[in-house]
Amino acid sequence: TQTIGEAADYAFITYTLRLSNQCLVPLDMVEVQVEPGSEDVLQISDTSVHSLEAKSMGDISATILTNVNSNSIRKLTVTYYVWGVSFAIHQTYDD
């Protein structure tokens with residue numbers, strides 16, 4: 001069994017995205033996923049069910065546990081549904 005090291009070797013990074021729904025219909029089942037880096041150990045997503053009403057804004061977040069020396073650059077994918085059809089937005093976050 002391989003150990004992952006000491007707790008001091010790791011840090012939590014939280015990505016919070018501000019979403020804006022400019023549509024005239026709500027966005028349902030909104031979620032964000034972080035594409036893991038090689039040093040990442042764990043991803044903690046918000047398990048709440050999110051929707052975004054028409055012409056509104058809201059925040060959504062995801063947290064990763066990674067090596068303290070790892071950079072915070074990650075690809076984030078936001079998925080949501082409009083009238084039962086799935087859509088995705090891909091964005092690279094660079095702190």
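Helices (H or I, at least four residues) and strands (E, at least two) are taken here as DSSP runs, numbered from the N terminus. By this numbering, I4 is found in the segment before β1 (10-21).

## Basis of the model

This is a predicted model, in which local features need pLDDT of at least 70 and side-chain atom pairs count only at pLDDT 80 or more, while totals for chains, interfaces and linings use all residues. Residues are numbered from 1 along each chain as its sequence is written, and side-chain values use heavy atoms, with hydrogens and water left out.

## The open sheet

Four strands form an open sheet in the order β4-β2-β6-β7, with antiparallel pairing; two strands are said to pair if DSSP finds at least two bridges between them. The edge strands are β4 (50-52) and β7, each of which pairs on one side only. From one strand to the next the twist averages 30 degrees, where axes are lines fitted to C-alpha atoms (for helices over the stretch in contact) and angles run from 0 to 180 degrees between N-to-C directions.

Within this sheet, strand β2 (residues 27-34) and strand β6 (residues 74-82) pair in the antiparallel sense over five bridges. D28 stands opposite Y81 in β6, and V34 has L76 in β6 as its bridge partner.

## The β6-β7 hairpin

Strands β6 and β7 run antiparallel and are joined by nine bridges; the bridge partner of T79 is A88 in β7. The two strands form a hairpin with two residues between them, and W83 in the turn has a positive phi of about 50 degrees.

## Aromatic pairs

How many aromatic pairs does the count give? The rule is that rings of Phe, Tyr and Trp (its six-membered ring) pair if their centres lie within 6.5 Å, with planes under 30 degrees apart counted as stacked, over 60 as edge-to-face and the rest as tilted; by this rule the count comes to two aromatic pairs. Y15 and Y93 form an edge-to-face pair, at 5.1 Å centre to centre and with 85 degrees between the planes. Because Y15 lies in strand β1 and Y93 in strand β7 (residues 85-93), this pair ties together parts that are 78 residues apart in sequence. Y15 is buried, with a relative accessible area of 2%, whereas Y93 is partly exposed at 34%; buried means under 20% relative accessible area, exposed over 50% and partly exposed in between (1.4 Å probe, protein chains only).

The rings of Y80 and F87 have their centres 5.6 Å apart and their planes at 20 degrees, so this pair is stacked. Y80 is buried, with a relative accessible area of 15%, while F87 counts as partly exposed at 38% relative accessibility.

## The nonpolar patch

I4, F12, V41, L42 and I44 make a nonpolar surface patch of about 470 Å². Patches are made of residues with over 30% relative accessible area and no salt bridge, like charges being joined within 9 Å and nonpolar side chains (Val, Leu, Ile, Met, Phe, Trp, Tyr) within 5 Å; a salt bridge is a side-chain nitrogen of Lys or Arg within 4 Å of a carboxyl oxygen of Asp or Glu. Accessible areas come from the Shrake-Rupley method with a 1.4 Å probe, and for residues only the protein chains shown count as cover.

Strand β3 (residues 40-45) gives the most to the nonpolar patch, with three residues. I4 is exposed, with a relative accessible area of 51%.
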